[in-house]
Amino acid sequence: MIANKKVLMLAGDGIGPEVMVQVSRVMKWMEKHNRVSFDTEDDIIGGACIDNHGVPIKDETIESAKAADAVLLGAVGGPKWDDVDFEIRPEAGLLRIRKDLGLFANLRPAIVFDALAEASSLKSEIVSGLDILIVRELTGGIYFGAPRGVEDLPGGGKRGFNSLVYTTEEVERIARVGFELARKRGKKLCSIDKANVLESTKMWRDEVIRISSDYPDIELSHMLVDNAAMQLVRDPKQFDVIVTTNMFGDILSDCASMATGSLGMLPSASLGAPDNSGKRNALYEPVHGTAPDIAGQGKANPLAMMLSFAMMLRYSFDMEEDANNVESAVKLVLDAGLRTGDIMSDGKELVSTEKMGSAVIEQLEILTAS
Ligand code: IPM
Ligand code: MG
């Protein structure tokens with residue numbers, strides 16, 4: 001059995017807790033089958049934490065996250081906290097954990113499962129077989145740049161401002177992640193910027209070109225973000241790995257999710273740099289939000305959370321076989337016609353969050369029985 005893995009579970013708000021429950025079931029199943037043993041700790045983040053502690057994340061939680069081998073996160077936010085102070089809004093908890101853990105590399109794969117090609121709002125021939133990876137810079141750019149704020153103007157009215165800042169070091173480390181991942185895949189990297197307007201992203205492009213000399217085997221291209229948004233819906237299969245800034249990656253990954261049928265299908269991994277002992281902070285979360293409209297009704301799609309868990313097995317625990325099993329189980333339940341509401345189409349079986357979780361576990365049983 002693989003050694004004890006310390007996992008901090010932050011279910012969050014809205015549908016976060018219900019999709020997390022399904023992953024917990026898979027974790028228990030794996031333990032029961034002696035595949036691994038997990039040492040889990042549950043904690044709160046986002047709105048739930050604001051309600052209890054007046055802040056979206058506690059300092060102790062940040063420390064537990066640093067001490068853990070990996071963090072699993074559901075989702076944060078909701079209309080209930082729309083009016084809290086900007087500094088303590090639920091999203092600030094998520095941004096803080098990303099920043100404090102140095103999780104600069106956000107991997108967002110957009111994969112179209114064959115069974116879901118029909119569920120996409122795009123034509124199935126445009127999306128079927130799609131397998132792209134968006135590498136989003138996660139701890140810099142306009143999300144964190146200073147100065148930022150809102151100030152009163154002397155003559156009345158206000159001035160709101162944010163800064164899009166990148167340093168050589170920040171661009172270099174994310175570009176290297178993009179090149180390395182491209183090397184393990186289709187050997188194509190597209191860097192997305194707005195180099196025709198924004199100096200900081202012109203510098204981004206120049207840095208990516210400079211670093212590309214270390215990766216002569218990778219075909220590098222550049223695209224302006226407006227064109228990239230268009231190309232992602234016109235012909236997404238032209239991409240292999242995309243590397244881009246924090247905000248462009250936020251936007252383009254939602255865009256790419258529509259090719260996969262639903263935002264409810266997209267997992268993500270947020271990784272830090274390894275320390276001297278080789279330990280790397282990591283957080284795994286679905287790309288979807290808290291879906292307050294369906295929260296607590298058993299309607300949420302737990303598959304993005306399952307796939308995020310699979311990424312945890314692969315990237316934090318090197319458990320490639322188990323990661324593949326979870327991904328195959330997801331594929332098989334979709335092939336069997338099971339659907340939550342977000343990916344429902346004619347002739348398929350509408351199931352609850354719980355039923356979807358059970359179906360994944362049943363497939364894991366079958367996959368591992370042989
Ligand atoms: C995401 C989300 C977050 C982001 C929000 C919730 C702060 O949209 O992970 O894509 O903007 O990064
Ligand atoms: Mg987003």
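Tutor: Across the interface of domain 1 and domain 2, zero salt bridges are found, a salt bridge being a side-chain nitrogen of Lys or Arg within 4 Å of a carboxyl oxygen of Asp or Glu. Seven residue pairs, both at pLDDT 80 or more, are in polar contact between the domains; such a contact is a pair of N or O atoms within 3.5 Å, where one must be able to donate a hydrogen and the other to accept it, and residues adjacent in sequence count only if both atoms are side-chain atoms. On the side of domain 1 that touches domain 2, the elements giving two or more residues are helix 4 (90-100), helix 10 (303-315) and helix 11 (320-335), helices being DSSP runs of H or I with at least four residues.

This is a predicted model, in which local features need pLDDT of at least 70, side-chain atom pairs count only at pLDDT 80 or more, and totals for chains, interfaces and linings use all residues. Residues are numbered from 1 along each chain as its sequence is written, and side-chain values use heavy atoms, with hydrogens and water left out.

The domain assignment, automatic or from a database, gives domain 1 (1-104 + 272-370) and domain 2 (105-265). Contact, meaning heavy atoms within 4.5 Å, joins 22 residues of domain 1 to 26 residues of domain 2. Together the domains bury about 2,200 Å², 69% of it on carbon and sulfur atoms; this is the accessible area (1.4 Å probe) lost by two parts on being put together, summed over both. Of the area that domain 1 buries against domain 2, Arg 98, Phe 104 and Val 287 supply 33%, more than any other three residues.

Technical notes: Chains lettered and ligands numbered in written order.
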